[in-house]
Amino acid sequence: MLKQNLQQKLGLKINPLQIQLIKLLELPTYQLEQRIKEELESNPLLEEGVEKPEPEVDIKEDGDEVDYDENSQEEDNYESSEDEFSLDDYISDEDDIPDYKLTASNASKDDDAREFVLSGGISFRENLVEQLGTQHLGEMDRKICEYIIGNIDDDGYLRRDVENIVDDLAFGAGIEVDEEKIESLLRVVQRFDPAGVGARDLRECLLLQVKRRLAEVSTPALINARIILESYFEEFSKKHYEKISKRMRSSDEELKEAVDEILKLNPKPGGQISDSSVPGAEKIIPDFNLDIVDGELQLSLNTGDIPELRLNKSYVNMLEDYQKNSNSREKKDVVSFVKYKLSSARSFIDAVQQRNNTLMLTMTAIVQFQKPFFLTGDESKLKPMILRDIADITGLDVSTISRVSNSKYIQTWFGIYSLKQFFSGSMPTSSGEEVSTGELKNVLKEIVDGEDKRKPYTDDELVELMNKKGYQIARRTIAKYRQLLDIPVARLRREV
């Protein structure tokens with residue numbers, strides 16, 4: 001028996017354009033450039049470059065209109081079964097000349113087209129193998145040295161025990177060798193540049209460098225530095241300078257000169273030679289440029305080398321020809337495919353445009369909120385600001401503001417800043433004024449930088465000094481900010 005009933009449902013649907021926009025919002029400039037290149041390769045209806053506008057193409061729909069068949073294509077995410085394609089929605093004067101430009105005139109005035117030639121250097125281990133070629137060694141010894149070099153990490157240390165290397169050579173390469181032989185060949189590798197390479201710990205690394213310098217020139221400071229590393233390394237690492245001075249029977253000045261020589265050494269010799277096979281530090285490409293023009297802040301979107309986008313007219317003309325004679329099933333499939341690609345291309349162009357508009361809207365709100373800071377560059381003028389503050393100004397959702405600020409950078413006239421740096425909590429001062437946590441960190445850093453390094457402040461003393469400046473802050477908060485600022489404890493900040 002059939003029955004009728006009325007049912008209410010509450011749901012949330014996100015259309016494909018919104019999904020695409022969300023993904024593009026998270027991309028910084030250099031990743032957006034790669035994403036656009038991928039879209040250009042996959043969608044023939046998209047093209048780059050500036051062309052003269054063509055006459056408007058009048059495409060008439062015949063009575064046998066072919067709709068996109070969702071079951072015959074994998075890309076059915078972009079179209080609803082209830083929607084029909086209309087070429088009038090896609091072909092107009094606006095398609096000839098897009099109303100936005102990805103490479104807009106908001107680029108920096110200093111930008112110019114340059115071609116950079118990157119040199120292909122050798123890796124850290126390749127450099128060691130080249131030096132191995134200058135040594136007079138037998139074939140077997142050379143293979144063992146190459147294996148030792150292969151076990152040296154990017155910092156220049158040999159982390160694997162000699163005993164394990166002996167076992168590895170025996171079971172993996174069929175080479176029978178004792179630990180003394182490995183030690184002897186390891187000393188050969190340790191003579192290579194940079195000094196300190198092949199060390200098994202920090203103490204040995206520093207000793208190798210001091211001995212190398214002593215072979216070139218012998219000074220009392222270097223001799224004392226060698227004694228400290230050989231006999232008092234534990235006291236040196238804990239900065240117990242009084243114990244070292246007493247046991248060595250040296251003056252404070254002599255100890256200071258020896259410690260200064262040690263501090264000049266490189267604890268990571270492997271870092272002196274860049275490894276072309278390992279990506280280095282990520283290059284920061286700012287997404288926004290902020291300049292001061294006639295005393296006013298001028299914000300622009302940095303689009304880098306992102307090309308202009310437009311619809312490919314040749315495929316639109318092809319669609320017109322096929323539609324005139326779309327009697328066969330094969331031609332109908334072609335028309336359906338081209339229509340789908342038109343929809344996909346238009347959606348992508350709209351998503352990129354909305355992304356740029358959203359980024360500019362959000363960054364403009366941040367600049368206005370933190371205007372005193374951007375005008376002066378004084379970090380103490382940063383106001384407490386959370387995502388909700390910018391969301392209320394722009395009318396956007398908090399999650400959207402979070403996506404925009406994630407992995408984005410702005411280049412100002414006084415430096416490059418991550419957008420995340422402008423968002424911070426607040427804390428009341430003794431006068432009741434709200435200050436940002438960034439200001440607290442800056443004040444703490446100033447106190448530590450100005451302290452007497454022979455008697456650095458403890459965390460309790462830092463709390464008292466902060467309280468005197470009007471910042472009511474707990475000891476655990478001092479420890480937390482100190483860690484965020486990479487400031488060691490008082491004992492490790494001591495100097496002679």
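Which side chains meet in a salt bridge at 3.0 Å, N to O? Keep that in mind for the first close-up, and remember throughout that this is a predicted model.

**View 1. A salt bridge between R482 and D459.** Here the side chains of R482 and D459 come together, with 3.0 Å from N to O. R482 belongs to helix α20 (residues 475-484) and D459 to helix α19 (residues 459-468), so this pair links distant parts of the chain, 23 residues apart. Both R482 and D459 are buried. As a general point, side chains of opposite charge can pair when their charged atoms come close. A search of the whole structure turns up 20 salt bridges, and the next views show a few others.

**View 2. D154 reaches R125.** The side chains of D154 and R125 form a salt bridge, 3.1 Å from N to O. D154 sits in the loop between α5 (139-150) and α6, while R125 is in helix α4 (residues 124-132), so the pair ties together parts that are 29 residues apart in sequence. How exposed is D154? D154 is partly exposed, with a relative accessible area of 41%. R125 also counts as partly exposed, at 24% relative accessibility.

**View 3. R247 and E235 join two helices.** In this close-up, a salt bridge connects the side chains of R247 and E235 at 2.8 Å, N to O. R247 comes from helix α11 (residues 241-248) and E235 from helix α10 (residues 233-237), so the bridge ties together parts 12 residues apart in sequence.

**View 4. A salt-bridge network and a cis peptide bond.** E183, R200 and E204 are linked in a network of salt bridges. Also shown is the peptide bond from D193 to P194, which is cis, with omega near 0°. P194 is found in the loop between α7 and α8 (202-216). For context, most peptide bonds are trans.

View 5. Helices α6 (162-173) and α7 (179-189) are the elements that give two or more residues to the patch. D167 lies in helix α6, and with 34% relative accessibility D167 counts as partly exposed.

**View 6. Helix α17 and its buried face.** In helix α17 (residues 398-405), the buried residues are T400, I401, V404 and S405. Looking down the axis of α17, these buried residues fall within an arc of 130°, so they line one face of the helix. Just after α17 comes S407, with a positive phi of about 60°. S407 has its place in the loop between α17 and β5 (409-412), and S407 is partly exposed, with a relative accessible area of 38%.

**View 7. A positive phi at R249.** What is the phi of R249? The value is near 55°, which is positive in a residue other than glycine. Most residues other than glycine have a negative phi. R249 is located in the loop between α11 and α12 (252-263). At 78% relative accessibility, R249 counts as exposed.

Definitions and conventions
Residues numbered from 1 in each chain as written. Predicted model: local features only at pLDDT ≥ 70, side-chain atom pairs only at ≥ 80, totals over all residues. Heavy atoms only, no water. Helix = DSSP H or I, 4+ residues; strand = E, 2+ residues; numbered from the N terminus. Buried < 20%, exposed > 50% of the residue type's maximum accessible area, 1.4 Å probe, protein only. Arc of directions from axis to C-beta. Salt bridge = Lys/Arg side-chain N within 4 Å of Asp/Glu carboxyl O.
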